[in-house]
Amino acid sequence: MIKEIGELLKGMSITMRHFVTPPVTVQYPEVKRPVRNRFKGRHELKRYDNGLEKCIGCALCAAACPADAIFVEASENTDENRFSPGERYSSTYEINMLRCIYCGFCEDACPTEAIVLEHNYELSFYDRQSAIYTKDMLIVDVPVNGLPTPQTVEPGIFNKAIPEMEDPK
Amino acid sequence: MMLEMTQKEEKFIIPIGPQHPALKEPGHFEFAVDGELVTDATVRLGYVHRGIEKGAEARNWNQNLYLVERICGICSHIHAFTYARGVERLAEVEVPPRAQAIRVLVAELERIHSHMLWFGVAAHEAGFDTLFMFSWRDRETIMDILEGLTGNRVNYSANVLGGVKFDVTDEHRKTILEAVDFMEKRTKHYLNVVTTDAMFLQRTRGIGVANLQQAHRLGILGPTARASGVKRDVRVDAPYSAYKQFPIKMVVETAGDLEARFVVRLKELFESYRLIREILNNMPEGDLQVKRFPRRIKPGEVISRVEAPRGEVFYYIRSNGGEMPERLKVRTPTMMNMASVLAMAVGHQLADMPMLLVGIDPCFSCNDRGVAICNSKGDHDQWTWERLRQHGIDFYAEKV
């Protein structure tokens, strides 16, 4: 009899202990759990500090993509209408988010570090058409001291498409 | 009198699936029952056949790495690991030691989260939902680590051909070691629960016994086989990658029942914790990837085996010198273990069936691939395209 009560108390003590410990779940839409640094979420097309786009329209990301999710079309840059350093920029950049598998291979393939998988994971659509993210949706805002593209620049400054970069360590 | 006769000869068959509340994934089972006792069992698989092996023949070597990762949602790294190992051997590329250590590290983390997931599902099937909740909560710590390490909670895409994509920093090392300490404490508790809880033991002890002979005959793999006393673990039998430097101790139980399968898997976790600590404390220095990996791979064929959480994953890869594999054959552990469920089912209560099925840690999406069945005469019953086509024509002609 005493033993049974002891067992009962032992069981209840576990219940009571969990009753007072804070829950591990979060109230999702109101409270968001922060993602880790390396999290691979929605892509972003980056800009340089002066506002020029990093993407040069080389379509290496599209070639690397295992799921064929990326479509890139490049156009010529001129010094009057400059979008990115170098000869070309991406006039169309589309990612089909229904095809994307978030492997981050586009990130690895990019020679100018233009495409980065950022931390947004809230991707849902009402129809298949809106799953195709265009360049306007993917590109980040112009930085504070930068100018919006297309820019008019002095000739001869932005001739190199790929900036000077250190070898990855 | 007449009625009795027919009832004796006729079998009462309970079909379960392909869609059924007791099944997490689609599969069709037919249990012939006598009252509550199962007298015969058959299975029909293939409801989520996706044609991945054929699809691999139309993608290049690199793209396939991501395709094979999606064969299984839980042991995704293992598939990419096996494939990458095979292709690297075919291309005669030596992977740097640090990359190999990181691969094994992720593989062992994956084993922990896979076993914890299985543990939760098994507890749920046994009607012990508290244990299910607890084990899945603890599994989250490993998922968080994997997210921090690779960027994804599942389908980590940690591998590239010729190495790995990311490095393990000191910060990661610290969080992993902390989490492993926490998990070790919890696993001790769980091991205590599954071996002492009287209610739970009623569902597991002495249920679904597969003895050593049966295990050998049915060709069971992985923890299910090790619970029956079969000493079979690719990590020990044919150490690959970093398992050469960091050997693992095989966990073998002899009882062969469901309890033994719980104990084997939980004890394996302790080995994984030990190995993770050892790798993190003795991480080899060096590159993460080889400098150059060929786009075309010279003609040849290779097999690659890796011990997945569920058992041995086997890949056969053949190249004809092109940018794409000529043939990719995958054999997954669940495929091999499925026969054991059917054999063990006979003589058990119908209510034990979910537990028996979950005892092998089934993965239905792994399961759905073509099989060549060896008939009793010993020859493979291979169907040519013409024969298959003729069969289709005849089948539908008969129907009309």
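Mentor: In the second largest pocket, α1(A) gives the largest share of the lining, eight residues. Helices here are DSSP runs of H or I with at least four residues, strands are runs of E with at least two, and both are numbered from the N terminus. This is a predicted model, where local features need pLDDT of at least 70, side-chain atom pairs count only at pLDDT 80 or more, and totals for chains, interfaces and linings use all residues. Residues are numbered from 1 along each chain as its sequence is written, chains are lettered from A and ligands numbered from 1 in the order written, and side-chain values use heavy atoms, with hydrogens and water left out.

Trainee: Which residues lie nearest the centre of the second largest pocket?
Mentor: Gly11(A), Ile14(A), Thr130(B), Phe134(B) and His189(B), out of 27 lining residues. Besides α1 (2–20) of chain A, the elements that give two or more residues are α6 (129–150), α7 (170–196) and α8 (198–204) of chain B.

Trainee: What counts as a pocket?
Mentor: On a 1 Å grid over the protein atoms alone, a pocket is an open set of points where a 1.4 Å probe fits, with protein on both sides within 12 Å along at least five of seven lines; lining residues have an atom within 4 Å of a point.

Trainee: And what volume does the largest pocket have?
Mentor: About 1,800 Å³, a volume being the space filled by probe spheres set on grid points joined across faces, edges and corners. It has 47 lining residues, and the closest to its centre are Asp108(A), Ala109(A), Val160(B), Lys165(B) and Gln289(B).

Trainee: Switching topic. How many residues are in contact between chain B and chain A?
Mentor: 23 of chain B with 17 of chain A, where contact means heavy atoms within 4.5 Å. The area buried between the two chains is about 1,600 Å², with carbon and sulfur atoms giving 49%. Buried area is the accessible area (1.4 Å probe) that two parts lose on being put together, summed over both.

Trainee: How many salt bridges between the chains?
Mentor: Four, each a side-chain nitrogen of Lys or Arg within 4 Å of a carboxyl oxygen of Asp or Glu. One of them joins Asp144(B) to Arg33(A), with the closest N and O atoms 2.8 Å apart.
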